[in-house]
Amino acid sequence: MTGVIGMTGLFTALLGAVGTVALAALTAAHRPRLRAHLRVAVHVLVLGTLVALAALLVALLTDDFSIRYTAENHARATPMLYTIATAWAGLEGSLLVWSGVLVGFVGLLVRQVGRHDRLGLLAVAVTAAVTLFFLTMIVVAANPFVPVDPVPADGPGPNPLLQNHVLMAVHPPLLYVGYIGLTVPFAFGIAALMLGHAGRDWVARTRTWTLVSWTFLTAGVVIGGLWAYEVLGWGGYWAWDPVENASLLPWLTATAFLHGAIVQERRGLLRSWNVILVLLTFVLTILGTFITRSGVIASVHSFTQSEVGPWLLTMLVVTALASLALYAWRAHELDTGVRLDRPLSREGAYLVNNLLLTFLAAIVVLGTMYPVLVEAVTGTQVSVGRPFFDRFAVPVGLVLLAAMGVGPLLPYRTARPREVWRRVRPAATAGVAAGALLLVVGVRHPWVVLTAVAAGFVLASIVGDAARRRPRIRGPRSVRGSQLGWWGGQVAHGGLALVAIAIATTGGLSKTETLDLEVGDTAGAHGYDLRFDGIRERDEPNRIVREAVIAISRDGRELGSWGPSLNEFRNQPAAIGTPSVRTTMTEDLYLALRDLQPDRVTLEIIHFPFMWVLWAGSAVMMIGGGIATAGRVVARTPRRASPTTPAAEVVHADA
Amino acid sequence: MRDRLRALLPDLALVALTMVVAATLLLGGAPETDRVTDLGHQLRCPVCQSESVADSRSDTALAMQARIGELVDDGWSDEQILDHFVARYGDWILLSPPLELRSAALWLLPPVALVGVLLALQRWRTRAPSGLDDDLSAADQRRLSSAIAELRRREEDRP
């Protein structure tokens, strides 16, 4: 029964999507009266999607194994939280949740679009067209509601890795909101090309939507790293895995756009480049979806196993080609003729930022897709992993970091080198001093010292800037909004500097030791004494947890006991190891199981200095995104201003 | 003379500090690294999905890591050890492909792309502004110039 309801919901949503696309396009084509009908179509779309999502959840929560998705991804023993998370743990469900988020964005977007707002109406049409694609793909190639006959009594449950940690319930939804939200800027980009105009209104709206998505995307990427750290147990948070790269790619280009958009709002530069960036960002999200959903990466030969592979590949090619063609045809209409006055200026710094971020994205695309392309063309296998990515990403990242300290100190249009040097000098001195301090303490790792110099420079530059210009709390909304935007950016920069420090220290200064312990044995590692107190076994509904009880002490003082564990999930062949981490203000002690026997354990103990800085810095970045988004909301001018009154000139916070 | 020296003081301090840091980094000798782990990071674990030998906890990876340890103890060079594994598994085992025909594009594309972008940027910057300015008729151009001049004059008159 739930299957039938779910299918009904899906078809209703399809109908609503078709209606939304058609009505939004027609309203934009000078038929403003249809705007009222557009509202109805969007309601149908939202309602149908909600019904389908509800049917999926109800089927999972009521152990209804009569539909394919529950039969393949759910088990009666799965706890409630992971049962809900199962909705996005499998291919079909995750695509349905994907569509649900996208429909949510259509609903939000359409509320801000008036009957004469052609840009907004076209953006609604494009977003709804993307929704239509995903819904069609679900119905045809990845339908979770296909009935199963005979109905099984129980299922295998979700992938063990996905029901092993509570973060799995948080990470995908956040990532989805960020990832899918980038469809809206893309839609605005296409709309701008169609209308042949990407002016003030365009960049303001696109920037706000990108900012919201960027904040969620940052959260999703970081929490994904935290999940890898807490669950996978290989002792890291980022492996340059194709799936991770897929989430990083749109983040890089969206970040580039957020900076390019400022230049456009202030100086009218980079109009068509910004359109390229939003189009590229969306193409990269589709590429990422293709990488993660089609199974193409594990091996080219698993391509046929997934039915959605060809769909997504078609979508990727069509989107890329259509964007490119539309751009080639219309971009010249966007050009304002404004050019960069001097490379040494705020605009120049933004340009450097955009260049490096896009270059980094190109490197990541190349490294991720190279093995696939080589295997497809020559049939031989090559691997591209961390050594390749690090070789390019580390230097480019350091230059970006240093540019982050200089850029905000530069004035617009043109700067005198002497004046720039005077502004940069205190912060640069602080940065070099930070590096010298590290050397004095005995840290000799070159990348760590260089990162400390760059990050110290950025942090000092931000603090100096904050001391120089006092935040203005009064004034018109536009001023306050602009202020919030500036400080949001500075806070995000500070967070990124902290993240850079953490990446360098955890990468360059972490140490690994391996211990072999019999029950009752004590051995030392990283200055601590570890004692193996035996195995504690816990029977949970969905798994059996076998935990090695490790008592940690230092200089005879007991610090407590930690329990890296092996988790055996019912109906699943392999046991999953889960590490255990002791976090303090100065370090993380990371315990991972290599081998667990009843009377002996082999442990890998990794020492990460100042690991918490990574998570704290990421949180600061998200707060920065939040502040900047708040600024956009505060500064928003009334939307239905008559076209004859020019927009109020915005007084910006920056000098 | 004295004042000028004093003005230069912050610059000199920064330059001196930078030189000290750079010299310490360059001459202080590379930090001792764990060769076995470093080599493990360059090899792919053959039975895992995109994990290095050093990162993986699979039996194969552990055996390979142990083998690297033996070879290092036997006095093999890094290159010899990597070659040893390439001979067994093929180039695929290297996480960073060697520079050869098959992977030439991988290593050459990034620098080429960077140069290309810089050239494009240079062209964009120096290209004569098309668009608005050119579209103005001579009369409009004159009106615009006089309006700007008027604006400038008023700015100057302001107390």
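Trainee: Into which domains is chain A divided?

Mentor: Chain A is divided into domain 1 (1-158) and domain 2 (509-613), with bounds that come from an automatic or database domain assignment. This is a predicted model, in which local features need pLDDT of at least 70, side-chain atom pairs count only at pLDDT 80 or more, and totals for chains, interfaces and linings use all residues. Residues are numbered from 1 along each chain as its sequence is written, while chains are lettered from A and ligands numbered from 1 in the order in which they are written.

Trainee: Why is Ala466(A) called partly exposed?

Mentor: A residue is buried if 20 or more other C-beta atoms, placed from the backbone, lie within 10 Å of its own, exposed if 12 or fewer, and partly exposed in between; Ala466(A) has 14 C-beta neighbours inside 10 Å, and therefore counts as partly exposed. Ala466(A) belongs to helix 16 (residues 446-468) of chain A, helices being DSSP runs of H or I with at least four residues, numbered from the N terminus.

Trainee: What makes up the contact between chain B and chain A?

Mentor: Counting two residues as in contact if their C-beta atoms, placed from the backbone, lie within 7 Å, the contact takes 42 residues from chain B and 44 residues from chain A.

Trainee: Which helix of chain B gives the largest share of the side that touches chain A?

Mentor: That share, 9 residues, comes from helix 1 of chain B, which spans 2-27.

Technical notes. Helix = DSSP H or I, 4+ residues; strand = E, 2+ residues; numbered from the N terminus.
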